[in-house]
Amino acid sequence: MSAATTRSRTPDRLCAEAVDLARSAAEEAAAPGVVGEHAGLLSEGDRVVTHFFECKELGYRGWRWAVTVARASRAKVVTLDEVVLLPGPDALLAPEWVPWSERLRPGDMGPGDLLPTDAEDLRLEPGFSGEDEPVPSSAVSEEMAELVEAEDAEVTAGAPANLPAAPSRGSIAAVAEELGMRRARVLSRYGLHVAADRWEEAFGAKTPMAQAAPASCVTCGFLTPIGGSLGQAFGVCANEFSPADGRVVSLTYGCGGHSEAAVMPKPPRPAPPVIDETRVDPFPLRPAADSGSVSVTGDEESAELGHS
């Protein structure tokens with residue numbers, strides 16, 4: 001490596017003394033009054049020096065104006081190279097830029113928002129279109145196709161809505177339509193696993209609510225089963241008083257609203273009335289004469305206080 005290509009650690013004397021030239025260049029590029037004191041210099045190479053000046057502009061704490069000057073070989077005149085505003089070691093910087101697809105979090109979408117799905121999304125895989133061979137994880141397997149062919153069922157292409165006549169029930173297209181497989185893409189094994197992990201973390205057996213529950217959701221009457229392979233481990237809670245109402249919960253999850261955890265006691269019912277049909281109870285229309293608190297006398301005038 002030649003000496004011309006190596007960077008000199010010792011600043012060039014004439015370039016290091018060109019502080020006034022660097023300041024005037026920084027003041028010309030910046031707004032008036034925002035260029036502060038000289039904050040040092042740095043040797044960029046042979047006869048190339050960068051001068052730093054403090055930046056007093058609001059919002060740029062710790063930033064510095066960097067003015068690079070240079071001198072040609074065997075020349076005594078220092079020329080200006082460039083002027084830029086650079087962050088210092090303790091500068092206030094904006095957070096590192098993150099693509100929107102990585103910034104998006106669950107619950108950020110609002111009415112009218114569109115979320116494009118990556119064509120190579122690992123959570124999805126091609127569905128069954130009826131024209132190509134079924135994917136290995138498809139419910140319409142090769143064995144089903146052989147069975148249909150053995151029964152001389154008609155195999156049609158395209159969606160049933162675009163066919164001149166409805167396909168026969170035994171065809172591959174009809175079976176795929178019934179199973180919900182005639183979609184452009186379906187969940188892959190990875191997509192199923194990440195969904196299961198997410199639901200298990202939110203409403204699973206390790207949550208504090210499940211740890212304190214009297215029983216699990218697998219025996220709860222409010223659990224609504226779901227279809228597919230995820231239905232073997234998850235369901236939907238239909239208890240309006242549960243914290244997981246309307247959510248996908250693990251069968252090992254539980255809460256205090258379990259249908260069989262605490263049965264409310266029945267209110268007491270009065271005994272049925274006893275009717276004796278063998279006797280008659282008299283009910284007088286007027287009270288008896290001797291039912292009052294004052295005895296009855298023959299002469300009302302002789303009564304001093306009268307009758308009650």
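## A leucine on the surface

Leu104 counts as partly exposed because its relative accessible area is 30%. The cut-offs behind that label are simple: buried is under 20% relative accessible area, exposed is over 50%, and partly exposed is in between, worked out with a 1.4 Å probe and protein chains only. You'll find Leu104 in the loop between helix H3 (100–103) and strand S5 (124–126).

## What you're looking at

This is a predicted model, so local features need pLDDT of at least 70 and side-chain atom pairs count only at pLDDT 80 or more, while totals for chains, interfaces and linings use all residues. Residues are numbered from 1 along each chain as its sequence is written, and side-chain values use heavy atoms, with hydrogens and water left out.

The protein chain has seven helices and nine strands. Of its 308 residues, 24% are buried. The chain exposes about 23,000 Å², with carbon and sulfur atoms supplying 55% of that; the areas come from the Shrake-Rupley method with a 1.4 Å probe, and for residues only the protein chains shown count as cover. As for contacts (heavy atoms within 4.5 Å), take those with a separation of 6 or more: 51% of them join residues 24 or more positions apart.

## Two nonpolar cores

A nonpolar core is a set of buried Ala, Val, Leu, Ile, Met, Phe, Trp, Tyr and Cys residues joined through side-chain atoms within 4.5 Å. The largest one has 17 residues, and Val35, Phe53, Trp65, Val67 and Val69 make the most contacts inside it. Helix H2 (19–29), strand S2 (48–55) and strand S3 (63–71) each put in at least two residues, and S3 gives the most, with four.

Leaving out residues up to four places away in sequence, Val69 touches Cys15, Leu21, Arg47, Val48, Val49, His51, Val78, Thr79, Leu80 and Asp81. There's also a second, separate core of nine residues, among them Phe203, Cys237, Leu251 and Tyr253.

## Three salt bridges

A salt bridge here is a side-chain nitrogen of Lys or Arg within 4 Å of a carboxyl oxygen of Asp or Glu, and that rule gives three of them. Arg71 pairs with Asp12, with the closest N and O atoms 2.7 Å apart. This pair links distant parts of the chain: Arg71 is in strand S3 and Asp12 is in the segment before helix H1 (13–16), 59 residues apart. Both Arg71 and Asp12 are buried. Arg13 and Glu17 make another salt bridge (3.6 Å, N to O), and here both partners are exposed.

The remaining pair is Arg123 with Asp121, at 2.8 Å from N to O. Asp121 is in the loop between H3 and S5 and counts as buried because its relative accessible area is 15%. Arg123, at 43%, is therefore partly exposed. The two side chains also score as a polar contact at 2.8 Å. That term covers a pair of N or O atoms within 3.5 Å; within protein, one must be able to donate a hydrogen and the other to accept it, and residues adjacent in sequence count only if both atoms are side-chain atoms.

## Loops worth a look

Thr207 is in the loop between helix H6 (189–202) and helix H7 (208–211). With 11% relative accessibility, Thr207 counts as buried. A polar atom of the Thr207 side chain lies 2.8 Å from the backbone oxygen of Gly204. Setting aside neighbours within four places in sequence, Thr207 contacts Glu201, Ala202 and Tyr253.

Arg47 lies in the loop between strand S1 (35–45) and S2 and is partly exposed, at 28% relative accessibility. Arg74 is in the loop between S3 and strand S4 (78–87) and is exposed, at 85%.
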